[in-house]
Amino acid sequence: MKKSILWSLLMLSAVFLLTACGSSDNKTSTTVESAKSTESTKEEKQITESKKEEMTAKEKMDKVMKEMTLEEKVGQLFMARVPEQNQTADIQTYHLGGYLLFDRDMEGKGQSEIKQAITSYQETSKIPMFIGSDEEGGTVSRLSRNQIVSPAFESPQTSYQKNGWDGVTQEIDRKAQVFGELGIQLGMFPDADVSTDPQSFIYDRTIGMDAAGTSHYVKLTVEEMKKQKLGSTLKHFPGYGNNRDSHVEIVTDNRSIDELRKNDFLPFEAGIKAGADSIMVSHNIVQAIDGERPASISKPVHDVIRNELGFTGVIMTDDMDMAGLANFTSQEEAGLQALQAGNDMILSSSYGTQIPYILEAIKKGEYSEQQLNQSVERLLMWKIELGLIK
């Protein structure tokens, strides 16, 4: 009898221990599963919120597009040099997408006057405008040249020599602060040209390094500009190299396509991967891609940007008044040719003749509304990303 009771007690203890162990395992398993489920829910929520934000931006763009006339759409394609007269009137007449500030817009003025002028442009415009100024630093800085900012913005080479890559990003942060106070979104940089020859026309405007160093500079700059909500512009595709200055003459680049791919394309590819907003195309005639037309009005050149490099952002021309283009074709025709080639934005002071010419070309079927809409959509999305369109 005693043995029987003892045996029963031992059996009950074993069952209890096994049950307790099973319970502990189940609790551990449940806890792990719960943690996984929570983590999964967080990830799903983040993806949903990201999609929601993306949709919101697209909805904003669609809403603006639906309310735009054909004339307003064409006007959006123009980043115009601020005219000497009728500055606000021209915004209303031509529905301009942006204004690019030059020395004459700053000379003898202070920050408050420039800010006031920019505010008046934005108040006049139905759709908020891009406000840009060439601010690469060093030899190319209109704000510095006109003593609007002190100390002057340094060239990338100077910033790097002083404080390495930290110096480069610190200078971008300083620009962001000044731009924010004035109402400027586009500084028209970084310069993605590869130049290691101090005698080269473009050298002082670059980081002065080989393709690998220039690629790192471009990547770093684009990432920092994104953080600071500044619009980035990679220039001057497909790369100046050691060629002459297309501001003053028609320039022909005789390098092979292999050389361009192995060298000059690399910083542009790095910038695109980093999320660059726009690419500026030079007026150089690049024999290896299109020996007949300047790059800015060459479809084969733009096809390389879209199809080979896979860029989906805004493509813009260099200044249409530069001799490299002005000596090649009439200003009236140049605007249309730039759009037909694949540009989304035209930098020009001849918008008064170019816009009517483009509108007439649309009626004739020489430039499709589908292509027009694609460009306008890219520009509006950029404005939304920069916070111009709320």
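Reader: What pLDDT does the chain average?

Author: The term pLDDT is the predictor's confidence in each residue, from 0 to 100. Of the residues, 82% score at least 70, and the chain average is 87. Over residues 1-36, however, the pLDDT is below 50, and beyond near neighbours in sequence this stretch has 0 contacts (heavy atoms within 4.5 Å) in the model. Where pLDDT is low, the predicted coordinates should not be read in detail. For the chain, then, the average pLDDT is 87.

Reader: Is Ser 141 buried or exposed?

Author: Ser 141 lies in strand 5, residues 140-141, where a strand is a DSSP run (E, at least two residues) numbered from the N terminus. Leaving aside neighbours within four places in sequence, Ser 141 is in contact with Asp 134, Glu 135 and Phe 153. Its relative accessible area is 2%, and because under 20% counts as buried, over 50% as exposed and in between as partly exposed (1.4 Å probe, protein chains only), Ser 141 is buried.

Reader: How are helix 7 and helix 8 oriented to each other?

Author: The axes of helix 7 (residues 211-227) and helix 8 (residues 257-273), lines fitted to C-alpha atoms over the stretch in contact, come within 8 Å and cross at roughly 20 degrees, on a scale from 0 to 180 degrees between N-to-C directions. Because angles under 35 degrees count as roughly parallel, over 145 as roughly antiparallel, 65 to 115 as roughly perpendicular and the rest as oblique, helix 7 and helix 8 are roughly parallel.

Definitions and conventions. Residues are numbered from 1 along each chain as its sequence is written. This is a predicted model: local features need pLDDT of at least 70, side-chain atom pairs count only at pLDDT 80 or more; totals for chains, interfaces and linings use all residues. Side-chain values use heavy atoms; hydrogens and water are left out. Helices (H or I, at least four residues) and strands (E, at least two) are DSSP runs, numbered from the N terminus.
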